[in-house]
Amino acid sequence: MANDTRTAATRWAGVPLAARREERRARLVEAAFELFGTQGEAGVSVRAVCRACGLHARYFYESFTDIGQLLGAVYDAVASELTGRLLAALTAAGDDPAERIRAGIRTVLDFSSADPRRGRVLFTEARANPVLAARRQAAQTALMDEVLRQETRTRPAADPRLARVGAAMFTGAMVELAQQWLTGGLGDDLDAVVDHAALLLAPHAP
């Protein structure tokens with residue numbers, strides 16, 4: 001134990017306090033992501049998270065006031081990663097509306113199912129949790145705004161009201177599509193789901 005203590009002290013020697021706190025926070029978020037993604041909300045507690053990442057409970061409260069705030073941080077991290085991949089896919093697809101639709105659908109579904117923990121965090125688990133419900137609503141609004149921005153960029157002459165209606169319909173459909181895909185309600189052929197969804201969403205998407 002003494003050797004472990006000296007090793008930890010050596011590791012952090014000269015490291016600023018802010019950096020140490022950030023590293024501990026990242027470990028807590030990663031542990032919570034694993035627990036939430038594999039066991040659901042019921043598996044996430046202060047004790048379980050701290051045990052999973054090897055930190056004392058006092059370090060939990062150094063970064064978070066409660067489990068709800070930690071779950072919000074987990075959601076933000078996963079949503080941020082998806083947003084980055086989605087924007088990259090849309091950029092790569094160019095200005096062709098059909099290609100952008102397909103790229104957007106495939107990216108959301110593939111990202112969410114390639115690692116089931118992501119899909120659980122973003123779409124299917126703890127839908128009644130007030131913190132996650134608020135995060136999901138904010139993320140959906142942000143996605144709608146981004147779709148609308150892309151629509152304005154690629155088709156500047158489009159009617160603003162119709163463009164917003166289309167963006168809202170596309171965003172809402174994508175959320176429901178992801179939930180159905182993750183629960184197995186659409187089978188396991190991603191290509192087929194993308195083909196059908198792109199065909200149906202084409203009139204309502206950018």
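Guide: Let's begin with a term. A charge sits over a ring if NZ of Lys or CZ of Arg is within 6 Å of the ring centre and within 35 degrees of the ring normal.

Visitor: OK. Which ring does the charged end of R118 sit over?

Guide: The ring of F111. The charged end of R118 is 4.3 Å from the centre of that ring. Keep in mind that this is a predicted model.

Visitor: Fine. What's the average pLDDT of the protein chain?

Guide: The average is 87, and 90% of the residues score at least 70.

Visitor: Which element has the lowest mean pLDDT?

Guide: Helix α1, residues 2-12, with a mean of 52. Helix α3, residues 46-53, has the highest, at 97. Where pLDDT is low, the predicted coordinates should not be read in detail.

Visitor: Switching topic. How many aromatic pairs does the structure hold?

Guide: Two. F60 and Y61 make an edge-to-face pair, 5.0 Å centre to centre with 80 degrees between the planes. F60 also pairs with F64. That pair is tilted, at 5.8 Å and 45 degrees.

Visitor: Which residues form the aromatic cluster, then?

Guide: F60, Y61 and F64 form one cluster.

Visitor: And is F60 buried or exposed?

Guide: Buried, because its relative accessible area is 0%, and the cut-off for buried is under 20%.

Visitor: What about F64, buried or exposed?

Guide: F64 counts as buried too, at 2% relative accessibility.

Key
Residues are numbered from 1 along each chain as its sequence is written. This is a predicted model: local features need pLDDT of at least 70, side-chain atom pairs count only at pLDDT 80 or more; totals for chains, interfaces and linings use all residues. Side-chain values use heavy atoms; hydrogens and water are left out. pLDDT is the predictor's confidence in each residue, from 0 to 100. Helices (H or I, at least four residues) and strands (E, at least two) are DSSP runs, numbered from the N terminus. Rings of Phe, Tyr and Trp (its six-membered ring) pair if their centres lie within 6.5 Å; planes under 30 degrees apart count as stacked, over 60 as edge-to-face and the rest as tilted. Buried means under 20% relative accessible area, exposed over 50%, partly exposed in between (1.4 Å probe, protein chains only).
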